[in-house]
Number of protein chains: 4
Amino acid sequence: MTIEFDNNQPIYLQIMNYLKGEIITGKLKPGDKIPSVRELAAELQINPNTVQRTFQELEREEIVETRRGMGRYVTGKEETIMNIKKEMARDILDRFIRGMQELGFQSEEIVTAVAENIAAKDRK
Amino acid sequence: MTIEFDNNQPIYLQIMNYLKGEIITGKLKPGDKIPSVRELAAELQINPNTVQRTFQELEREEIVETRRGMGRYVTGKEETIMNIKKEMARDILDRFIRGMQELGFQSEEIVTAVAENIAAKDRK
Amino acid sequence: MTIEFDNNQPIYLQIMNYLKGEIITGKLKPGDKIPSVRELAAELQINPNTVQRTFQELEREEIVETRRGMGRYVTGKEETIMNIKKEMARDILDRFIRGMQELGFQSEEIVTAVAENIAAKDRK
Amino acid sequence: MTIEFDNNQPIYLQIMNYLKGEIITGKLKPGDKIPSVRELAAELQINPNTVQRTFQELEREEIVETRRGMGRYVTGKEETIMNIKKEMARDILDRFIRGMQELGFQSEEIVTAVAENIAAKDRK
DNA sequence: GTGGTCTAGACCACA
DNA sequence: GTGGTCTAGACCACA
């Protein structure tokens, strides 16, 4: 497990997004144990406090559960995970469409732009 | 002129984006005078330093020009404006596609999602 | 026997309170044998160390007695049990009244709130 | 402003409860500025990080708002404050009644106990 | 071993 | 000045 940190976003958020991605795409499954604070801190070479913060946020979003003294686990509630995925997707979509409209793009132009752009990327 | 500020982004960036939007969509035209630091600060009820910073950045991007003693004006170079528009659009697009892919969406799913979502919004 | 564990309190305390409740309400009677550490740990699916700790505390409070080689038993001293009940009740009461006063409730309001709330629950 | 810290609860929670109390009872009013992280840390003689944590939690509960670079303020939404108060009261009440019932007390006994206990305290 | 809290102190972006 | 993030490291309760 490695994450390339980018300086424009807090580290704890980057780890959060990384883990959310792993969970949403099923690489981390419901009930799976996630690394301990110390383990992950050592692996990513960052301070344990930063990892701690990441985990607390994930817990607050109910994506992760703590079992006292036994470590942390991906939530068993698949529904929660599906909801997170939907929420994130809707969020990204809304922000995108709003952004394009603010730039003055018409509906069809937006759809075309996405289609072309993706096609171009897939060709690579 | 009012902007609903969102806490997750620096105010000066939010004003920048707002003004860029006004320019790109032609509500502010090349050569138009823009408000003074004091005026805008009073109107938006924010610190003049923040407005100052906004204008500095817009100047750095050559979207706005200062004429000594006469105030600030939207650049007359339409090409610059077109470029800004393209840049912003590409940025938004890239971020969007990357985000959706991280959530595990396939290319076609992304295009469909955009098309449907826009159609739904246009119906409203 | 099942306990719904709540993450904000140590498990051993939650088991203690559960067992105290059973004893105080007479479901476990003076002289009754209580389960062994292993049995209870297996049943509740928790670490035997945790159960051990629970029993130690109950012994310290003289609610439970160990008979060498024969297991643990609810104390025969009914007085002890009565005292525990009183202590627990006073504790709960004090915490409740203090809490409501901190929220700015007046004495009569507190009494009324309890009376109404209980009446509402009994109706269900 | 002084808080007597008690060792059984995290400091950040004790400050939170203190501030919530001040807000709910109207000593801190909607829109009031609350002390800065550094100020409060100095006053309570604790680490700024601990205060920071307190404030972040209050923000998450929407009791407090940050205005960038200008400090933090009690939320202007009086409704939010009322809701917090109601929630806290219901919580305390429920926990109390459940606790007494687990001890085997009947409904009338609970009401009587509260009434007597409060009367006794008021006499002091 | 595992998580939770806290101190001490630094550095940065923002207003 | 104000908040946000992070490091380094300690100590504790719990399992």
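Trainee: How many bridges join strand 2 of chain B to strand 3 of chain B, and do the strands run parallel or antiparallel?

Mentor: Let's start with the idea: strands of a sheet pair through backbone hydrogen bonds, either parallel or antiparallel. Helices (H or I, at least four residues) and strands (E, at least two) are DSSP runs, numbered from the N terminus, and two strands pair if DSSP finds at least two bridges between them. Here, strand 2 (residues 64-67) and strand 3 (residues 71-74) of chain B are antiparallel and joined by 4 bridges. One residue to look for is B:Thr66, which stands opposite B:Arg72 in strand 3 of chain B.

Trainee: Before we go on, what kind of model is this, and how do I find a residue in it?

Mentor: It is a predicted model, where local features need pLDDT of at least 70 and side-chain atom pairs count only at pLDDT 80 or more, while totals for chains, interfaces and linings use all residues. Residues are numbered from 1 along each chain as its sequence is written, with chains lettered from A and ligands numbered from 1 in the order in which they are written.

Trainee: What lies between strand 2 and strand 3 of chain B?

Mentor: The two strands form a hairpin with 3 residues between them. In the turn, B:Gly69 has a positive phi of about 70°.

Trainee: What is the strand order of the sheet in chain A?

Mentor: That open sheet has 3 strands in the order 1-3-2, with antiparallel pairing. Strand 1 (33-34) and strand 2 (64-67) are the edge strands, each pairing on one side only. Strand 1 is joined to strand 3 (residues 71-74) by 2 bridges, and A:Ile34 has A:Arg72 as its bridge partner.

Trainee: How many residues of chain A and chain B make their contact?

Mentor: Two residues are in contact if their C-beta atoms, placed from the backbone, lie within 7 Å. Each chain gives 25 residues. On the chain A side, helix 1 (11-24), helix 4 (78-102) and helix 5 (107-123) each give two or more.

Trainee: How many residues of chain D are in contact with chain C?

Mentor: There, 25 residues of chain D meet 25 residues of chain C. At least two residues of the chain D side come from each of helix 1 (11-24), helix 4 (78-102) and helix 5 (107-123).

Trainee: Which residues come nearest to DNA strand F?

Mentor: A residue is near a strand like this if its C-beta atom, placed from the backbone, lies within 6 Å of it. Of the 26 residues around DNA strand F, the nearest are A:Ile11, A:Asn47, A:Gly69, C:Ile11 and D:Ser36.
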